[in-house]
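I opened this model to take notes on its chains, one topic at a time. The entries below follow the order in which I looked things up.

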Amino acid sequence: MTAMQTAPSRMASPDHIARRHPGHLAALRWEIRKLRAQYRARTVLLVAVLAPVAIVVVIHGQSRPPKDTLFGRFAIDNGLALSLLVLGFASQWVLPLLTAVVAGDVFASEDQHGTWKTVLTRSTSRGRLFWAKTITACGFATLVLVLLAVSTIASSWLIVGHQPLIGLSGQTIPAGPAQLLVAQSWATMLPPVLAFTCLAILLSVWSRNPAVGIATPVVLGMVMQLVGALGGVETVRPFLVTTAFESWHGLFTDPQFSGPFLEGLLVSGGWCVASLATAFVLLRRRDITGG
Amino acid sequence: MRRIILVTLVAMVALVAVGTAVAAGGHGSSVTRARLERSLPVTFTNLYIEQARILGRDDLTPQSLHAEAMCDKHGPDVADVGPGGDWVCLMGWTDPKMPLPPEGYGKFELNVHSNDCYTVTGPSKIIGFLTITDPHGREVPNPVFEFDGCFDPNGDNANTGVTFPSLLTVTSTSVTPDDQGRVGLQVSCGAGSEGCSGTLTANAGGRDLGAWPYSLQEQSTGTLTMPTSVLDSTNEVSFQLRSATGVGPTSPVSLPVQRS
């Protein structure tokens, strides 16, 4: 708390009474500093960098390709296909988990340590704290996704190579353009990952329990995946966050299609706004005098 | 903690209830016959030309191949919409060096997923097996043996109008007379637009067994029993199928008589 305590001493004049609280940036800086000190967050970043390398090496060493996943049939000797195989696998539960490790904990840890009273009475408002924590969690999610993407693409490129890729309309895509499409595919994961981050924030605020905040988004992701794979419930399918994880398929067809990506963007945005609004209301109305 | 578990359970039950209600309400699947019939020939054409290129040929273009498909989900009584492993597509194309069988198409089995992607297994009799040998003698994977594709869920959904006739095949390898001395022929009518109908005639050792009109739904099997009995001394029956709808064997089918 030393960084925060220096702030009030500078505000001697009563004219600046409104600036008694530190600004948005100070709260954000403080949240990032707390995150950087967290052993768990560092582990997640390390896993995001190292796990793809191990997966790429293992799959490259297989004698039979994993044909049940899209691009799996080319994965053992085509690095671009292998990056997409890892992408498909990551979107099943890895990405929701990696983001929830921070987002599901960011509010609930204050409950766990009984620090709400301290942070709110001495340094900042609930609104500022809410946005600082939300921006930190979303920034962390983006960072994890970028690290995972870069590590996967680089290790597949170096270990397996970059050969021309057969697309989802049977067309042959030269290695250069295909590499760009692979990077774009990873980028399309960002909206649903952020939607899961917002969902984890809501669960973190509501449950006041880090375990619920971390585990429930992963379980919800799996339930959504299951519902999305069922025949007969296609009407709910577009409204699931996990559907947006598959919008990259349109990049690899000829002609390309972007309808699912735009739908996914809207749906992810909707989930995010709804989750954050609920979380904000819950936090504003909470009685924290009990500590 | 108990409250959390309770609320989670209620939320999940509500989700399942909403899902079931929606499922009962309508069938809004983006997986449709028309979209498959548009997507599959494009994917197949690209891969077939790739296969030809591996084999050292460069005489094919998508226009010259002119692939067309007719798709069907799970027999004639089921609506051709929705994901599943029971899609069948009949596809015809023109390759002067590798002509198709007389019926003019090959049968492809599709596993279509709810995410608008599909996995296809081709007829190995026509398109070859898992690997092919390239001009340098290397075994390389056959691109059309098994392949994946995806289609636009918002793509054109108008009827393509492509149809192929059903193929009638004889499945019996011998005939056994019943207690009245009559013989029956087992046949199967494959996927196609109108099923199989026509007339079956048979001849046993110079004795005409009469004519038997038949009519089978597509994707069904049946036993066609001749009205006239065969003599005890007969040891071979020759059948001749004349198709009115669908296609069948044009030459007579001779089957040995087996007595129990």
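I began with the contacts inside chain A, counting two residues as in contact if their C-beta atoms, placed from the backbone, lie within 7 Å. Among the contacts in chain A between residues at least 6 apart in sequence, 74% join residues at least 24 apart. I noted that this is a predicted model, in which local features need pLDDT of at least 70 and side-chain atom pairs count only at pLDDT 80 or more, while totals for chains, interfaces and linings use all residues. Residues are numbered from 1 along each chain as its sequence is written, and chains are lettered from A and ligands numbered from 1 in the order in which they are written.

Chain A has eleven helices and two strands, and the order from the N terminus is α-α-α-α-α-α-α-β-β-α-α-α-α. Along the principal axes, the C-alpha atoms of chain A fill a box of roughly 70 × 40 × 30 Å. Of its 291 residues, 47% count as buried, that is, with 20 or more other C-beta atoms within 10 Å of their own, against 12 or fewer for exposed residues and partly exposed in between.

Next I looked at where chain A meets chain B, a contact that takes 27 residues from chain A and 28 residues from chain B. On the side of chain A, α10 (210-229) and α11 (259-285) each supply at least two residues, and α10(A) gives the largest share, four residues. I sorted this side of chain A into eleven nonpolar, 13 polar and three charged residues, with Ala, Val, Leu, Ile, Met, Phe, Trp, Tyr, Cys and Pro as nonpolar, Asp, Glu, Lys and Arg as charged, and the others, Gly among them, as polar.

For the cores I used sets of buried Ala, Val, Leu, Ile, Met, Phe, Trp, Tyr and Cys residues joined through C-beta atoms within 7 Å. The largest nonpolar core has 111 residues, and those with the most contacts inside it include Ala81(A), Cys198(A), Cys89(B) and Met91(B). Helix α4 (residues 79-103) of chain A contributes the largest share of this core, 15 residues. Another core, of 21 residues, lies apart from it and has Cys189(B), Cys196(B), Tyr214(B) and Val247(B) among its members.
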